[in-house]
Each structure stands twice: as structure tokens, then as C-alpha cells.
Amino acid sequence: MSTVDGLSKSQQAYQWIKARIADHEFTPGYRLVLGTIANELDMSVVPVREAIRQLEAEGLVTFERNVGAHVSMVDDSQYRSSMQALSILEGAATALSARRLTPDDVRAAREINQRMIARLEDFDPRAFTALNQQFHAALFAKCANPRMLELVEGEWGRLGNLRDSTFAFIPGRAQESVREHENILVLIETGAPLGEIEKAARRHRSATLDAYMIHEHPDEALGLPAF
């Protein structure tokens with residue numbers, strides 16, 4: 001294998017990927033696509049695969065059959081705590097915003113959800129997550145409690161620092177998610193009691209955490225609290 005500055009191609013790929021993990025450019029959950037990295041580094045996928053194996057041995061990367069490699073979660077207890085908090089905060093903010101949403105607001109949110117559905121076939125977890133955030137922001141944006149909005153947005157930002165996309169771990173959750181989005185929209189459109197809207201929004205968020213727990217910590221998932 002050829003070398004540059006004394007490093008083999010696999011070592012070059014290893015250092016390149018590790019540096020981006022260290023700089024949080026590749027955040028926890030980020031999917032490492034061998035072909036994309038190989039093209040970026042102008043090499044074949046073979047040395048990239050070797051680099052991924054080395055990073056996996058160090059615990060920085062997790063490889064899952066039929067899913068691929070992704071950056072390992074770092075202290076996922078923080079992620080779990082943020083998701084629990086967000087399920088409660090976002091559910092309340094969505095309910096408090098519901099009566100202020102206009103038909104145009106609901107239509108715009110539904111259009112975002114349709115864009116999410118369109119992405120299911122050629123799935124990109126990061127793009128899907130960005131649209132997911134836009135969808136939920138459209139629903140809680142008119143919450144009249146500024147402190148509630150500040151807390152929700154703070155937890156969203158915290159989640160962004162803890163992982164790249166939960167959907168990278170559990171892509172099947174994406175299909176369930178868009179169906180739940182439509183259910184929340186129907187509740188808002190039909191003027192359902194705010195308690196029902198809050199419950200639907202809260203359970204929607206906690207369902208993502210449940211799916212993550214079942215996937216990553218099946219033993220602990222048996223006793224999941226019903227938020």
C-alpha cells in the first residue's frame with residue numbers, strides 16, 4: 001500500500017476520520033459511508049474499511065450489520081435524560097401553541113412532513129432529522145410562554161451536541177414518526193382538547209427514546225416508564 005509522509009492509506013484514513021470525530025464534525029450517531037470517505041480522500045474503500053475497523057476497536061465507531069458504521073454514542077445517559085425532558089417540555093409547548101396555529105401554519109407543517117415522507121425511500125438520517133426539527137418548531141413556535149420555548153430550544157441544541165441523528169441508529173423509527181406527525185396535525189386541526197394534543201406530542205417524542213433504548217439497551221428497555 002502506498003504511503004504519504006510515511007503513513008499508509010489506512011493510517012491516513014484513520015487519522016482523517018478520528019480528527020473529525022474529535023472536532024465534533026462527525027458527531028455521535030454520524031453514519032460513516034465508506035464510499036463517500038474514500039472519494040473524499042481519493043482512495044479505494046479498502047483502506048477506509050481498515051481505518052473503520054481500527055476505530056471500532058478503540059470504541060470510537062460502532063459497526064452494525066445491514067446498517068453500517070457510525071460514530072459511537074458518548075455517554076448516552078445524557079442523551080436519554082435530554083430526550084425525557086424534551087418529551088415533557090415539547091409536549092407542553094405544542095399544546096400551548098395549538099390554539100394559536102392558523103390553517104396556513106398547519107398546512108406548512110404538513111408540507112414539511114410530506115418532504116420527510118419523500119425522503120424515506122432514499123433515506124438520509126441527517127436531512128430527515130433537520131426536517132423533523134423544522135416540523136416540530138412549526139408546531140410549538142407560537143407557544144406564548146417564552147421560558148418554555150427557551151427550554152425546548154435549549155434541549156434541541158443539547159441533543160445536537162450529543163448525537164447526530166437517532167434515526168441513524170433506528171431508521172425504521174422514521175416511518176412511524178411521520179405517521180405520528182400526521183396524527184398530531186389532525187388533533188390540532190380538529191380542535192382536540194389540549195390534553196390530548198400534549199399527550200400525543202409527548203408520547204411521540206418518548207417513542208423515539210423507547211425505540212433507541214430497545215435497540216441499544218434491550219435489557220434496560222424492559223422497565224421503560226410510560227411518559
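Start at the largest pocket of this predicted model, which holds about 270 Å³ of space; a pocket here is an open set of points on a 1 Å grid over the protein atoms alone, where a 1.4 Å probe fits, with protein on both sides within 12 Å along at least five of seven lines, and its volume is the space filled by probe spheres set on the points. Select next Y30, R31, V33, T36 and R126, which are the closest to the pocket centre of the 18 residues that line it, lining residues being those with an atom within 4 Å of a point.

Colouring by element, you will find that α1 (9-22), β3 (31-32), α2 (34-41) and α6 (125-140) each supply at least two residues of this lining, and that α2 gives the most, with three residues; helices (H or I, at least four residues) and strands (E, at least two) are DSSP runs.

To see the contact (heavy atoms within 4.5 Å), select V106, A109, R110, N113, M116 and I117 in α5 together with V178, H181, E182, L185, V186, I188 and E189 in α9.

Residues are numbered from 1 along each chain as its sequence is written, and side-chain values use heavy atoms, with hydrogens and water left out. Local features need pLDDT of at least 70 and side-chain atom pairs count only at pLDDT 80 or more, whereas totals for chains, interfaces and linings use all residues.
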